[in-house]
Amino acid sequence: MQKLRSQNGLMGWLMVSPLAVVLLIFLVLPIIMIAVVSFWRATEFSIIPAFELENYTFLFSSPVTYTVFLNTFKYALLTWMFTCVIGFTVAYYLAFHIRTLTWQVALFLLCTIPFWTSNIIRMISWIPFLGRNGIANSTLISWGVIDEPLDWLLFSDFSVVLAFVHLYTLFMVVPIFNTMMRIDKSLIEAARDGGANGAQILWNVIIPLTKPGIMIGTIFVVTLVMGDFFTVRIMSGSQSANVGRLISNDIALLQYPSASATAIVLLLTVLLVIGILLRFVDIRKEL
Amino acid sequence: MEPRPRSFYVLTAFFALFLLFLYGPTLTIAVLSFQGPGGGLTFPMRGVSLYWFHDLFEQQAVGDIWGSFRRSLVLGMMVMVTTVVVSVMGGLAFRKKFPGANILFYLIITSLVIPSILISLGVGLMFSQAGIAVHWATSGFGSQLTWTLPFGLLIMFAVFNRFDKSYEEAARDQGATSWQTLRHVVLPIIAPSLIGVALFGFTLSYDEFARTLLTSGSKNTLPLEIYGMTTNVTSPVLYALGTLTTVFSLLIIGIFLCVALWTTRRKAKAGSDAGKGML
């Protein structure tokens with residue numbers, strides 16, 4: 001028996017070894033590399049191995065850092081709120097109002113197809129929509145709602161959050177739909193027999209049972225928004241910044257040590273958030 | 001059937017708006033890519049023409065679009081095949097306990113949630129310090145795998161969580177070896193999901209650029225080319241390119257979905273007729 005188990009273990013390791021190798025070389029080592037370089041020194045042309053805390057002291061003493069981190073959290077929170085409400089509503093509609101599985105699958109696929117197309121193209125698509133002479137402004141003017149074109153539609157926090165919601169709502173829909181499909185319909189029947197109305201069923205039965213799905217969606221959305229560096233650049237017209245942009249700006253200036261220090265702080269922040277969220281859900285059980 | 005409640009109609013309207021929100025902008029640039037030669041980045045349309053598509057085929061107008069498209073295609077295939085094979089092996093391994101399974105599981109989750117720019121930066125630094133030149137087929141390939149493999153594995157975990165082990169036991173009772181069980185029982189049953197994994201592998205790689213940004217070397221992939229264009233190209237040629245790659249993506253998705261539908265149908269047809277009666 002002992003031998004069989006160790007054989008199983010060996011077999012298992014053989015099977016996962018390609019996975020382990022990829023993750024070791026392209027995930028673990030790069031993180032270690034970044035951690036090491038974050039203590040290095042940069043000159044104008046090169047980076048020099050060293051052990052100094054200057055990159056971190058500079059990072060934490062600069063007021064820009066705090067504004068940028070605050071901005072990042074703001075985008076994450078706003079995006080989370082909208083994607084959560086929209087994602088929940090869409091998933092609820094698909095799971096409880098569509099009656100045949102074929103239609104459920106078809107409509108679900110319709111929601112997922114954009115996910116498999118290019119993010120940058122989907123982002124750029126908003127520009128003719130939101131610009132000063134864009135569709136939104138000209139429509140509103142022709143309806144007489146506004147006299148002057150609105151300037152805050154494009155290249156503003158509004159357009160950044162809009163693009164995030166557009167790109168990432170799907171990450172809410174899928175896990176929430178997945179958990180909703182597993183809710184035993186007889187529980188809802190029982191609630192109705194017990195005299196609960198629609199709102200009570202939603203609040204006391206469906207939402208508590210959907211929480212794991214919401215949590216998984218939240219993990220996706222929050223990490224994607226916090227780690228982003230290009231949506232903010234394109235959609236804010238380089239007018240606002242988040243942590244990702246701070247890092248990519250440093251990279252563009254070849255300031256790798258300071259980019260690394262910011263990256264490490266960002267990674268720790270993201271992992272902290274995930275750690276908190278994982279306390280509420282056991283991912284492996286929910287798959 | 002009981003009549004639809006009023007909430008159904010409200011939610012249907014909401015869902016329709018959601019779809020409009022998802023597809024509307026892309027449709028807009030599809031229309032705008034047919035701008036006349038004098039047209040700009042937004043409405044009104046100044047005539048209808050294929051001018052901007054034509055422009056794409058002229059090398060000097062924009063960078064090396066076709067070269068980057070070929071590279072993206074090859075890279076997408078490489079990532080797709082690797083993702084399918086590694087995910088299936090990983091999924092099978094995770095069904096049994098092996099030492100370190102938990103650590104590996106958390107590494108997979110980390111790979112999924114880590115900000116993409118860290119992979120780009122870390123792999124780029126690692127290669128440059130080791131004195132190896134970054135190249136899309138080596139460092140770019142590996143970096144993309146850190147994004148596609150977690151998706152593939154999560155799908156495999158979901159598949160095996162629902163897998164009925166009695167099929168395997170039945171095969172084993174009939175004297176099948178473990179390889180025969182895998183080849184003739186397990187793989188055919190999970191085949192439709194593998195098509196899903198392949199679809200994720202290809203499309204996520206084909207559109208990926210955050211993790212490829214610092215790891216692809218001097219030769220760009222298509223998303224990197226487009227990313228570069230967003231800052232300096234201000235003509236509808238950008239829309240023409242966007243429309244073309246979106247159409248290409250949709251074609252790929254369509255092919256995958258048809259294959260998935262076909263295998264599911266075939267599986268249903270070849271299924272058992274137990275319990276259906278003699279007549």
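Which residues lie nearest the centre of the largest pocket? The legends below take up this point after a note on the model.

The model is predicted, and local features need pLDDT of at least 70, side-chain atom pairs count only at pLDDT 80 or more, and totals for chains, interfaces and linings use all residues. Residues are numbered from 1 along each chain as its sequence is written, chains are lettered from A and ligands numbered from 1 in the order in which they are written, and side-chain values use heavy atoms, without hydrogens and water.

**View 1. The largest pocket and its lining.** A:Phe108, A:Val174, B:Ile155, B:Ala158 and B:Phe200 lie nearest the centre of the largest pocket, among 49 lining residues. A pocket is an open set of points on a 1 Å grid where a 1.4 Å probe fits, with protein on both sides within 12 Å along at least five of seven lines; lining residues have an atom within 4 Å of a point. The volume is about 2,100 Å³, taken as the space filled by probe spheres set on the points. The lining comprises 37 nonpolar, 9 polar and 3 charged residues (Ala, Val, Leu, Ile, Met, Phe, Trp, Tyr, Cys and Pro count as nonpolar, Asp, Glu, Lys and Arg as charged, and the others, Gly among them, as polar). Elements that each supply at least two lining residues include H8 of chain A and helix H6 (136-161) of chain B.

**View 2. The second largest pocket.** This pocket holds about 720 Å³ of space. Of its 25 lining residues, A:Tyr92, A:Phe96, A:His97, A:Ile188 and A:Arg192 are the closest to its centre. H10(A) gives the most to the lining, with 5 residues. By class, the lining has 14 nonpolar, 5 polar and 6 charged residues.

**View 3. Packing of H8(A) against H1(B).** Helix H8 (residues 157-181) of chain A and helix H1 (residues 6-32) of chain B pack at about 105°, with axes 11 Å apart; helices are DSSP runs (H or I) of at least four residues. The two helices are therefore roughly perpendicular, a term for angles of 65 to 115 degrees. A:Leu162, A:Val165, A:His166 and A:Thr169 meet B:Phe18, B:Phe21, B:Leu22 and B:Pro25. The contact residues are 6 nonpolar, 2 polar and no charged.

**View 4. The two domains of chain B.** The domain assignment gives domain 1 (26-62 + 233-266) and domain 2 (65-231). Their C-alpha centres lie 28 Å apart. In contact (heavy atoms within 4.5 Å) are 18 residues of domain 1 and 18 residues of domain 2.

Conventions. Axes fitted to C-alpha atoms, helices over the stretch in contact; angles between N-to-C directions. Parallel < 35°, antiparallel > 145°, perpendicular 65-115°, else oblique. Domains from an automatic or database assignment.
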